Amino acid sequence: MSTPPLAYRKIPGGGLSWKGRGGLWLGEDHLLEVTSIVVLEQYRRFFFREARAFVVQRTNLRFLWSWILGGVGAALALVAGSALWVALANEKEDWHVAFFVPAVLFGLASLCFLILWVINLSLGPSCRCHLLTSTGWHALSAPTRLGKAERAQVQIAAVIQTAQGPAPTAEAATP
């Protein structure tokens, strides 16, 4: 007899890190982390009965990327504007046409960086998720935005509590 395939539910909110694109999946008795780069995939399985805590920690990565993307976009826009100004200020010269090409190229590059800047701002605050198990702390590659991480935390905590049963109270511990 063959065993039926495991049913997984995707937890909303992926993540992008130096290890690749990450995602979390809920299995029947475990949490599966999938990290992929192009054609390579890495899997880590964390069983609910061994889980101790799921921690969401806010980071300043969104702020850092906002400064980088916005700064590069503004610098490229400044170069594009300068090239356009030189081209328009010297209309009577034959060489003024050559400045329109860098003005357009730097303007398009600036537009790309500013679009990425707006996307980064619209995704919300960044975070890092960690899972504490009986073997130690494990940094997860997903989710990386605070709103989705908090929703994932509620979902994962409910499944862990169902798998482990209710938490013991202080009254039950005293004889």
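**Close-up views of the predicted model**

**View 1. Strand E1 and the lining of the largest pocket.** E1 supplies five residues to the lining of the largest pocket, the largest share. The model is predicted: local features need pLDDT of at least 70 and side-chain atom pairs count only at pLDDT 80 or more, while totals for chains, interfaces and linings use all residues. Residues are numbered from 1 along each chain as its sequence is written, and side-chain values use heavy atoms, with hydrogens and water left out. The largest pocket holds about 880 Å³ of space. Of its 27 lining residues, Leu16, Ser17, Leu61, Thr144 and Arg145 are the closest to the centre. Two or more lining residues come from each of strand E1 (9–17), helix H1 (61–89), helix H2 (100–122), strand E6 (127–133) and strand E7 (136–140). By class, the lining has twelve nonpolar, nine polar and six charged residues.

Terms for this view: on a 1 Å grid over the protein atoms alone, a pocket is an open set of points where a 1.4 Å probe fits, with protein on both sides within 12 Å along at least five of seven lines, and lining residues have an atom within 4 Å of a point. Grid points are joined across faces, edges and corners, and the volume is the space filled by probe spheres set on the points. Helices (H or I, at least four residues) and strands (E, at least two) are DSSP runs numbered from the N terminus. Ala, Val, Leu, Ile, Met, Phe, Trp, Tyr, Cys and Pro count as nonpolar, Asp, Glu, Lys and Arg as charged, and the others, Gly among them, as polar.

**View 2. The four-stranded open sheet.** The strand order is E1-E2-E3-E4, with antiparallel pairing; two strands pair if DSSP finds at least two bridges between them. E1 and strand E4 (40–47) are the edge strands, each with a single partner strand, so one side of each has no neighbour in the sheet. From one strand to the next, the twist averages 20°. Helix H3 packs on this sheet, touching E1, E2 and strand E3 (30–37), and its direction makes about 135° with that of E1. Axes are lines fitted to C-alpha atoms, for helices over the stretch in contact, and angles run from 0 to 180 degrees between N-to-C directions; contact means heavy atoms within 4.5 Å.

**View 3. Arg21 in strand E2.** Arg21 belongs to strand E2 (residues 20–26) and is the bridge partner of Leu16. E1 and E2 pair in the antiparallel sense over six bridges. Arg21 counts as partly exposed because its relative accessibility is 47%, where buried means under 20% relative accessible area, exposed over 50% and partly exposed in between (1.4 Å probe, protein chains only). Beyond its neighbours within four places in sequence, Arg21 contacts Gly14, Gly15, Leu16, Val34, Thr35 and Ser36. Arg21 and Ser36 lie 15 residues apart in sequence and 5.3 Å apart in space, C-alpha to C-alpha.

View 4. Seven bridges join E5 to E6, and Arg58 stands opposite Cys127 in E6. E6 and E7 pair over five bridges and form a hairpin with two residues between them; Trp137 in E7 is the bridge partner of Leu132.
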